[in-house]
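Here's a quick briefing to read alongside the model. Have the viewer open and follow along.

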Amino acid sequence: MKNSFDEKILEEALDWIEASQKVVLATVIQTWGSSPRQVGSRMIVNEKGDFSGSVSGGCVESAVVRECMDLIKDNKPCKKIEFKVSNESAWEVGLACGGEIAVYLEQVN
Amino acid sequence: MKLQTLKSIIEKKKNKSEFAIITNLSTGESELFEKNKPLSKEMEAYSNKINEFFKNKKNGVIENSEIFIETYVLPIKVIVVGAVHIAQYLVDYAKNLNFEITIIDPRGYFASEQRFPDMKIINKWPDEAFKEIETNENTALIALTHDPKIDDPALQHALKKKFYFIGALGSKKTHENRCQRLKDSGFSEKEINSIHGPIGIKLGGKSAPEIALSIIAQLVAETYIK
């Protein structure tokens, strides 16, 4: 069983757009190894960096927000980004759980 | 994604129809897939794969391609018999889960719009009410009245239709009596034992919201076992 209907992220995206905000959808499209959220999980980001939903357990969201804001600034339609295992000794963004994920960013227009 | 596509997705979710979003990752173009609806020329080449993902209710990227599929499946139907205090909390919890709830209660003063705003309520006896709802092995029953006149016919219907989850509120003694009545009506021991009675996982709580939480927790657990 999959719970696509339970999350109201896309509904929220439409609310944001109707409030004249620019919105990027960020969707988990592939996972390898152990990853916190399944394929299809989604977050939305606006031009100010406000976000809702999630693509991990809080591990990579900050990087996704930055990438989404850049996408809006550069007015690009879409982009794919990948996150790998983080190095515990470095302050870098990654997945502490040891998994890998690919996240797809797309502007709604 | 086009704004128009986003709007159609939300509309389809609202109408509880099954569909998939097909996205070309290299262009960012997306379209909606539905059973028996032709795909665009661009996606036709992937139609077998898309159907496979859709049938298996899976999300993912088609191998060696830039096509991503996200399927939306129907929520699970949950029939709550008894528009009682616990049901009010159950409905509240279920709002954030993938359940579509229908409440049955022949007692009008319980099953009121005021007590259950925006809920599907059938103000009839279970035998009559079930004529209005399509049920199958993907349906769950939560019987809350512990009144045999109301609960028993619903339990019998659920057993006959092989609901994947059947639970009934009531003490151990109430449940023993209930099992005996079902046995007298010709149900097998295996069928009767499939009923969760007393319903809910052991949380220890006694208030209405606590009991509702224990019931919804058991329902979610059984849904994933299914």
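Let's start with chain B, where strand β5 (residues 76–81) and strand β6 (residues 99–104) pair in the parallel sense over six bridges. Bear in mind that this is a predicted model.

**Strands in chain B**
- For a landmark in the β5(B) and β6(B) pairing, look at Val80(B), which stands opposite Ile103(B) in β6(B).

**Chain A on its own**
- Chain A has two helices and five strands, and from the N terminus on they run α-β-β-β-α-β-β.
- Chain A has 109 residues, and 34% of them count as buried.
- Take the contacts in chain A with a separation of 6 or more: 52% of these come from residues 24 or more positions apart.

**Where A meets B**
- Chain A puts 23 residues into the contact, and chain B puts in 24 residues.
- On the chain A side, the elements giving two or more residues are α1 (9–18), β1 (23–32), β4 (78–83) and β5 (100–107).
- α1(A) supplies the largest share of that side, five residues.
- By residue class, the side of chain A that touches chain B splits into 13 nonpolar, five polar and five charged.

Conventions: Residues numbered from 1 in each chain as written. Chains lettered and ligands numbered in written order. Predicted model: local features only at pLDDT ≥ 70, side-chain atom pairs only at ≥ 80, totals over all residues. Pairing = 2+ DSSP bridges. Helix = DSSP H or I, 4+ residues; strand = E, 2+ residues; numbered from the N terminus. Buried ≥ 20, exposed ≤ 12 C-beta atoms within 10 Å, placed from the backbone. Contact = placed C-beta atoms within 7 Å. Nonpolar A, V, L, I, M, F, W, Y, C, P; charged D, E, K, R; others polar.
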